[in-house]
Amino acid sequence: MNYLNMKRRHTLQYLLPVIALLVTAASCKVGQAYKRPEVPLPQEFRAVATADTSSIADVEWKQFFTDPALQSLISKGVSYNYDLQIALKRVAASEQTLKQAKLLQLPQLSFSVTGQTTNPSNNSLNGLSIGSFIKKQHVEDFNAAFNLTWEADIWGKIRRQQEATMAGYLQTYEASKAVQTQIVSNIAQGYYNLLMLDEQLNIAKKNLALTDSTLRFTQLQRNAGEVTTLAVQQVEAQKQSTALLIPQLEQNIAIQENALSILTGSLPAAVERGKGLFSSDVPQWLTPGIPSAILSRRPDVRAKEMELITANAKAGIAQANMYPSLSITAQGGLNSYLANNWFNIPASLFGTLLGNVTQPVFQQRRLKTELETARIQREQSVLEFRQSVLTAIGEVSDALVATEKLKEQKTIAAGQADTLQLAIKNARLLFKSGMANYIEVLSAQSNVLQSELNLANIHRLQLSAAVDLYRSLGGGWK
């Protein structure tokens, strides 16, 4: 026991100055502490009369989208979309890195057992010394030891590494939420586009039947000598133009169904519909909230900020690499040159302690280059963060303008469609009574077809604008 106590006192004699140095340097931390850069933000969004703190981004997607068929598609997309699953795997991998980073300040400890034999030349100094000392031509060495290595975090390099790892984890997490918001938006957009195509197909079929009726009446008039063959050919050409729309729309419907199936992680197949296009009402409570909330609500903006925090931490790491580093290595265990007394305690006990201070002097400008590069990358990340905020504000403003102006367009388009419906009725009546020619009927039928197709498209654009506003505000990941 006296032997062990002497060893402990001897070790502490060397450890005390090192501990004092660590306590003195523990508060040192190079690099800039992260501070969110100033971002120019308006008090309210463009085209919004008054600012309101409530926002549709806080609403869960199941409450925002009320169509059961659409809810089912989105639920499948959130569960099975491959892009989202890949993003979640990135989060899981980043989480493992984060767990490892939390232990960076702890020492590394390993255990090793070695056996070694050396046969030096009999004519060498080592061979002559061994032969005269232990009367053998070879020397053996048996070692069983714990090996400890620890680097003191004097300049905060390890803490900066932990900051960078945490920010990297949060970046992948926010990126996964951004993927989900995009998937929810894409599914909703595709679904509403599918409803529009269905409606346009019905319009085309209805107008085809109307044109077919006009063609039969024109043929009767030709047989009666009231119109020429040219009139029949013109009406027939109009019928063929309308008929051409049907396979085109059916093709687009199949393609849109395939796209929706892929978004939900399914093989291409037919997609179930719920409400019709005009039964899908545009939400009237499209409150955007205040612009500053974009910084916390929108996942892609948050991901960019996490990227900036990572860049800031890496700049601190690069700066810390230019300062002295202190590392301590220790080894202790059992050592003997004879196997039969290897475990003879305390005689076989040994211990070593090494403190090492390393100051980089000339590294071919590598460290300075890494520091300057890290600082430039931090400045680049600041610009990218500001750009992401600007883009987000612009997307919200675009969606708000579209929402407002599409209301006006729909009112005009609906009035136009009603007017043309009356016009075609009058044109057909006048044509049958001989007071209008076939050209006027064809023109009226063509106009009403285009107006109804346009009205369906405008209603779909209204629904799409609402989805765009919801996504651009950061909604869809809850």
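Accessible areas in this report come from the Shrake-Rupley method with a 1.4 Å probe, and for residues only the protein chains shown count as cover. By that method the protein exposes about 26,600 Å², of which carbon and sulfur atoms supply 56%.

The structure is a predicted model, in which local features need pLDDT of at least 70 and side-chain atom pairs count only at pLDDT 80 or more, while totals for chains, interfaces and linings use all residues. Residues are numbered from 1 along each chain as its sequence is written, and side-chain values use heavy atoms, with hydrogens and water left out.

## Overall form

The protein has 11 helices and four strands. Helices (H or I, at least four residues) and strands (E, at least two) are DSSP runs, numbered from the N terminus. The radius of gyration is 39 Å, well over the 23 Å that the globule rule gives for 478 residues, so the protein is more spread out than a compact globule. This radius is taken over C-alpha atoms, and the globule rule is 2.2 Å times the number of residues to the power 0.38. Along its principal axes, the C-alpha trace spans about 135 × 55 × 45 Å.

Burial is judged by relative accessible area: buried means under 20%, exposed over 50%, and partly exposed in between (1.4 Å probe, protein chains only). Of the 478 residues, 39% count as buried. A contact means heavy atoms within 4.5 Å. Among contacts between residues at least 6 apart in sequence, 84% join residues at least 24 apart.

The protein carries 46 positive and 38 negative side chains, and the centres of these two sets lie 9 Å apart. Lys and Arg count as positive and Asp and Glu as negative, whereas His and the chain ends are not counted. The place of a charge is taken as NZ of Lys, CZ of Arg, CG of Asp or CD of Glu.

## The paired strands

Two strands pair if DSSP finds at least two bridges between them. Strand β3 (residues 325–336) runs antiparallel to strand β2 (residues 139–151), and 10 bridges join them. Strand β3 is also joined by 10 bridges to strand β4 (residues 349–358), again in an antiparallel arrangement.

Gly332 in β3 illustrates both pairings. Phe146 stands opposite Gly332, and in β4 the bridge partner of Gly332 is Gly351.

Gly333 also belongs to strand β3. It counts as buried, at 16% relative accessibility. The C-alpha atoms of Gly333 and Ala144 are separated by 5.6 Å, although these residues are 189 residues apart along the chain. Leaving out residues up to four places away in sequence, Gly333 touches Ala144, Ala145, Ser348, Leu349 and Phe350.

The loop between β3 and β4 contains Asn340. Asn340 counts as exposed, at 70% relative accessibility. Between Asn340 and Asn223 there are 124 Å in space, C-alpha to C-alpha, and 117 residues in sequence. Pro346 is found in the loop between β3 and β4. A cis peptide bond, with omega of about 10°, joins Ile345 and Pro346.

The loop between β4 and α10 (366–432) holds Gln364, and Arg365 is likewise found in the loop between β4 and α10. Gln364 has a positive phi although it is not a glycine, and Arg365 too has a positive phi without being a glycine. Their values are set out below.

| Residue | Phi | Relative accessible area | Class |
|---|---|---|---|
| Gln364 | about 55° | 69% | exposed |
| Arg365 | about 65° | 48% | partly exposed |

Helix α7 (residues 229–263) includes Gln256. Gln256 counts as buried, at 14% relative accessibility. Leaving aside its neighbours within four places in sequence, Gln256 is in contact with Gly190, Asn193, Leu194 and Leu197.

Thr242 also has its place in helix α7. With a relative accessible area of 2%, Thr242 is buried. Not counting residues up to four places away in sequence, the residues that Thr242 touches are Ala204, Asn207, Leu208, Thr211 and Leu449.
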